[in-house]
Amino acid sequence: TTSKVFLFYGHGAVDSINISDGNFVGVSTLDIDLLVDSALSNCELMVLCACYTGTGKDGANNFVNALVAKGVATAVGFTDQMYCSDITIWHPALFYQISRGMNVKNAAFAAIEGTDILAEQIYIAGDKTKTFTNGG
């Protein structure tokens, strides 16, 4: 990918995300595994607003870890079922906090205010302390 920041909002599972509206058309960890190791190294942050993509956390064969293994600097996912009503509050708040200079981990946890998301339901792999500045 050439995107430095990527947001996915849709259905997910431990080992896949659904990129269609209707019948499952997805990308799985098996698809990600086929990429060369540095294929995603231009991406500094991938946020997966999708259920279960971080299940098992560190060391698990989940979608978040698969992305980091192929070069994504920081990937964020969830370990549990998430609800649209919470995610539509959480992800804009996440990017707002990041834009204010907060690192990804602190921004992800600060963004849960006003939602039913629990901090332990968020899984961050890679550089949890990554920050962003204007222009890159």
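**Ground rules.** I number residues from 1 along each chain as its sequence is written, and my side-chain values use heavy atoms, with hydrogens and water left out. As the model is predicted, local features need pLDDT of at least 70 and side-chain atom pairs count only at pLDDT 80 or more, while totals for chains, interfaces and linings use all residues.

**Entry 1: strand β6.** I began with β6, residues 74-78; helices (H or I, at least four residues) and strands (E, at least two) are DSSP runs, numbered from the N terminus. Five of its five residues are buried, meaning under 20% relative accessible area, where exposed is over 50% and partly exposed lies in between (1.4 Å probe, protein chains only). In a regular strand the side chains alternate between the two faces of the sheet. Here I found Thr 74, Val 76 and Phe 78 on one side of β6, with Ala 75 and Gly 77 on the other.

**Entry 2: its partners.** Next I looked up pairing, which takes at least two DSSP bridges between two strands. β5 (residues 45-49) runs parallel to β6, with three bridges, and Met 46 has Ala 75 as its bridge partner. β7 runs antiparallel to β6, joined by five bridges, and Phe 78 stands opposite Ile 122 there. β7 is largely enclosed by the rest of the structure because four of its five residues are buried.

**Entry 3: Gln 121.** What does the side chain of Gln 121 join in a polar contact? I found the side chain of Asp 80, at 3.1 Å; such a contact is a pair of N or O atoms within 3.5 Å, and within protein one must be able to donate a hydrogen and the other to accept it, with residues adjacent in sequence counting only if both atoms are side-chain atoms. Gln 121 sits in the loop between α4 (104-110) and β7 (122-126) and is buried, at a relative accessible area of 11%.

Entry 4: Three bridges join β3 (residues 16-18) to β4, with Asn 18 opposite Gly 26.
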